[in-house]
Amino acid sequence: MSAPRHAADANPPSSARRISARIGGIAESATLAVDAKAKALKAAGRPVIGFGAGEPDFPTPGYIVEAAVEACRVPANHRYTPAGGLPDLKKAIAEKTLRDSGYAIEPSQVLVTNGGKQAIYEAFATLLDPGDEVIVPAPYWTTYPESIRLAGGVPVEVLADETQDYKVTVAQLEQARTDRTKVLLFNSPSNPTGAVYDRDEVEALGRWALEHGLWVLTDEIYEHLVYDGQQAPSMPVVVPELADTCVVVNGVAKTYAMTGWRVGWVVGPKDVVKAATNLQSHATSNVSNVAQRAAVAAVSGDLSAVHVMGTAFDRRRRTIVSMLNEIDGVVCPEPRGAFYAYPSVKGVLGRTIDGVTPTTSTELAELMLDKAEVAAVPGEAFGSPGYLRFSYALGDDDLVEGITRLQKLLG
Ligand code: PLP
């Protein structure tokens, strides 16, 4: 038999071939999907209360908006600028990193990205060769495994449940380590659990990574949202010897209520930042200059806005945790950071509610949306079925109304 002239002749188009395997395998972001469904129902006139969105319900502070308005009027901002970020912003990020984390870096160690999401993807794309493994503590933020796979890597999940405050131990990591392990992913405060690792725990994990020559990608996007007087220490500050094999991801989204502006960054060793900048120069070029100018104002200003938001989040955190724990079968540990509560709902599964018997957290989330018009994200999205994520970045009255509906439905 003669060889087919085109691969397509041998393998006729099918849906699998129309989309590459690499992209076809990516799951939709479950958190964005829940949020979109809740918003669509709301737009159709249904009184849905959404606990799905991972964004502050506050507007961006006025002085930041003013900086953007001003930037619109400056023709230099209408042009292409360096792909890796405005020099002013890189400098301001370096100063902010020293001020907030105690981590001394140079502007050349900063790459400004379209949000933390792009920072994470570019960091993995820069570090991973096909087959390299990344240890991902679960419950994890839904984007991490997809981002790792997209970069050719293999996510290796390590589950820490509520009995260990959702925090992994060195012994667990050691069990997951293989010859292919290249990176440890670390996220504290955590999305979805709100867990915050204390200094000793950060040090233990960082020393373990150092001892085994592993890279660490640490996502510090919720650094300022911590409660009960806690701190979220930065891993390369606690273990300074890690600096050459550590990438920090951060951004303005959560601290300054700027999710829609799309400014994040990577901090890392210069060679990594340079390589990642090359990638970005072909993928997206510079982040919008207007948004970058707004980010300069944000990171060089004070932290009063996040303190105001933090006070409201703290109040809502206490309310939601105590109200969730009043529901039979729901166990909600107290989150120490971010703006999420992550209760186990295993005690509710298998119970018949309003004629329906949910056996998974996904089915329970659907039931809640149908019968109580309350949207939360099922634990399946975070690598831990049997849980639900509730964002408490919504108004106090809505929060109480939403959880009261659940108490009635599930109670
Ligand atoms: N990292 C974590 C843990 C997050 O929860 C998010 C957003 O939800 C991000 C990074 C990315 O934020 P953005 O891309 O909006 O800057």
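Predicted model: local features only at pLDDT ≥ 70, side-chain atom pairs only at ≥ 80, totals over all residues.
**Entry 1, the seven-stranded sheet**

I began with the strand order and found an open sheet of seven strands, running S2-S8-S7-S6-S5-S3-S4, with mixed pairing. I then looked up the edges: strand S2 (110–113) and strand S4 (154–159) each have a single partner strand, so one side of each is left without a neighbour in the sheet. From one strand to the next I noted an average twist of 20 degrees.

For one pairing I went down to residues. Strand S3 (residues 133–138) and strand S5 (residues 181–187) run parallel and are joined by three bridges, and in this pairing I found that Val-134 has Val-183 of S5 as its bridge partner.

Next I asked which helices pack on this sheet. Helix H7 (residues 115–127) does so, touching S2, S3, S5, strand S6 (215–219), strand S7 (246–251) and strand S8 (264–267), and its direction makes about 165 degrees with that of S7. Helix H12 (residues 270–283) also packs on the sheet, where it touches S2, S6 and S7, and its direction makes about 25 degrees with that of S2.

**Entry 2, the three-stranded sheet**

I looked up another open sheet, of three strands, with the order S9-S12-S11 and antiparallel pairing. Its edge strands are strand S9 (340–341) and strand S11 (377–378), each of which pairs on one side only. Two bridges join S9 to strand S12 (residues 388–391), and I noted Ala-341 standing opposite Phe-390 in S12. Helix H15 (residues 361–372) lies across S11 and S12, and I recorded that it runs at about 45 degrees to S12.

The crossing of H5 past H13 is right-handed. On the H5 side, the contact is made by Tyr-63, Ile-64, Ala-67, Ala-68, Ala-71 and Cys-72, while H13 contributes Val-290, Arg-293, Ala-294, Ala-297 and Ala-298. By class I have ten nonpolar residues in this contact, no polar ones and one charged.

Sorting the lining of the largest cavity by class, I have eleven nonpolar residues, four polar and no charged.

Finally I looked up the largest pocket, which holds about 630 Å³ of space. It is lined by 28 residues, and closest to its centre are Ala-27, Glu-28, Ser-29, Ala-30 and Thr-142. At least two lining residues each come from helix H4 (30–43), H7, helix H8 (143–150) and H15, and I noted that H8 gives the largest share, six residues. The class count for this lining is 16 nonpolar, five polar and seven charged residues.

Conventions:
Residues numbered from 1 in each chain as written. Heavy atoms only, no water. Pairing = 2+ DSSP bridges. Helix = DSSP H or I, 4+ residues; strand = E, 2+ residues; numbered from the N terminus. Axes fitted to C-alpha atoms, helices over the stretch in contact; angles between N-to-C directions. Contact = heavy atoms within 4.5 Å. Nonpolar A, V, L, I, M, F, W, Y, C, P; charged D, E, K, R; others polar. Left-handed = near helix turned anticlockwise from the far one by under 90°. 1 Å grid on protein atoms, 1.4 Å probe; cavity = no way out; pocket = protein on both sides within 12 Å on 5 of 7 lines; lining within 4 Å. Points joined across faces, edges and corners; volume = space filled by probe spheres on them.
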